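Biologist: I am new to this structure and would like a close look at a single part of it. Please take me through that part slowly.

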Amino acid sequence: MLTLLSGAMSAGCSFSTRRDFIRVGALGLGGLTLPWLLSHRAWAVEHDAVRDRAVVLLFLSGGASHIETFNPNMGAPSPYCSLTGAVQTSLPGVTFGGTFPQLARHAHEMAVVRSFQHSIGGHVEAIRHVLTGGTDPSGKGAAGFGMGAAYARLRGANHPRTGMPTSALLNTEEVDPQYRNEKDRVERGSAPNGLGSNYAPFIPDGKGDAVDNLTLNVSTDRLDDRRSLLTALDRFRRTSEATDAWAGVDKYTQQAFDVILGSTAEAFDLSRENPRLVERYDTSSFQVGKKVFRSSQLGRHMLTARRLIEAGCGFVTVHSAGWDMHADGNNPGIEAGMEMLGRPVDQAVSAFLDDLRERGLLDKVLLIITGDFGRTPTINSRGGRDHWPKLCTLALAGGGVNRGRIIGQSSRKNDEPLTEPVGPGQLLASVMHTLFDVGALRVRPDVPRELMQMIEQHAPIPDLLA
């Protein structure tokens, strides 16, 4: 069923509200909506606070080991050093874990934080705590909002020209029961909560190919219904006394119908890419799981993230499940787990950074790599590491960060920060200072003060932003 929602549009920082939308149907996107032009002045307003940048957040759910990823600590005795060894990076004297040989050559483009920590040791709560940038202090869902949802609230739920949702979450349809749990947790951690459902990330249906889900779920009859609706709206425009309010509506009518016909699906259509580039990203040769296995889709997700950003999406979360490496009945141990999941990250992220640089986008896209928490500096009796929030994984690249930096230092046992700790609140502040001129944002009357206070509660990560 088609629904036209009407109401006054705010001419503020948020481009539109839920009541100013035409719902154009699910399209496999969990209810993608396109902002409708009720006031051309609201669309024409300059949004000086918004920077020409975007974020891709790669979330390694389950809790990736800080030791086997970006702090191998090979000068310390076992078990306080990486079980997978280490590789020399492009920064003298700096090493990454042994399953990151390709990523190691990008270290000069990255900033690695070796003092990231928080206090929450359970998956559900830690995922919410990190993904909300600490605005949910306990992780119990009583407060806070996903970082992407906060960005959507401040920039607007959709891009003003392309109609692309501001925030997106790329998940894989998981087949392993444990990994399905992680998928649900990440979706909950990315939710807008009190900001309103309008600012939720748009989540393509993970079943099958995203392009098919976008285009085949709309029947001819439904398209005809939508064409009739748009014709009726155009007729209303022509007879409306409020001519100024509808000035330029033809452009947006066409935009709405373009989205309905599937132009948004182009962002998911990897056949439009050079096959050699797709091959560089492709991680499908890696099998992911514990009890039931599937091909790794991480490379496709990272390439899709770049395409979504180019189409107007501003914050894309890419989920990689399975990093809870206890070596128990549900999870692999550290060595097997890093071969299974570390290798795809190495390939996909390296291809992503190369791709951004070749397209001149490296300064415009901030990549963040993090997860629930870190892993214990000791090895359990089965060859795994357990939950450890006192020291966590955090690495960043592009998007205006100071490159080639190691920020903070861990203790000799790799179990806690030796220098001043960095927390999720500082990560949120860094994200917002990357995406906005926070000074300009502060004086906008339409920005909720509570939201602004949460953003300003912490300073950005020291020495991170250029």
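Which strands does helix 11 lie across, and at about what angle does helix 11 run to strand 10?

Modeller: This is a predicted model, in which local features need pLDDT of at least 70 and side-chain atom pairs count only at pLDDT 80 or more, while totals for chains, interfaces and linings use all residues. Residues are numbered from 1 along each chain as its sequence is written, and side-chain values use heavy atoms, with hydrogens and water left out.

Helix 11 (residues 298-310) lies across strand 3, strand 7, strand 10 (315-320) and strand 11, and runs at about 175° to strand 10; helices (H or I, at least four residues) and strands (E, at least two) are DSSP runs, numbered from the N terminus. Angles run from 0 to 180 degrees between N-to-C directions, and axes are lines fitted to C-alpha atoms, for helices over the stretch in contact, where contact means heavy atoms within 4.5 Å.

The sheet itself is open and mixed in its pairing, with seven strands in the order 7-10-3-11-14-6-15; two strands pair if DSSP finds at least two bridges between them. Strand 7 (167-170) and strand 15 (405-407) each have a single partner strand, so one side of each is left without a neighbour in the sheet. From one strand to the next, the twist averages 15°. Helix 4 (residues 123-131) also packs on the sheet, where it touches strand 3 (54-60) and strand 11 (365-371), and its direction makes about 165° with that of strand 3. Elsewhere in the sheet, strand 6 (residues 110-113) and strand 14 (residues 394-398) run antiparallel and are joined by three bridges, with A111 standing opposite L396 in strand 14.
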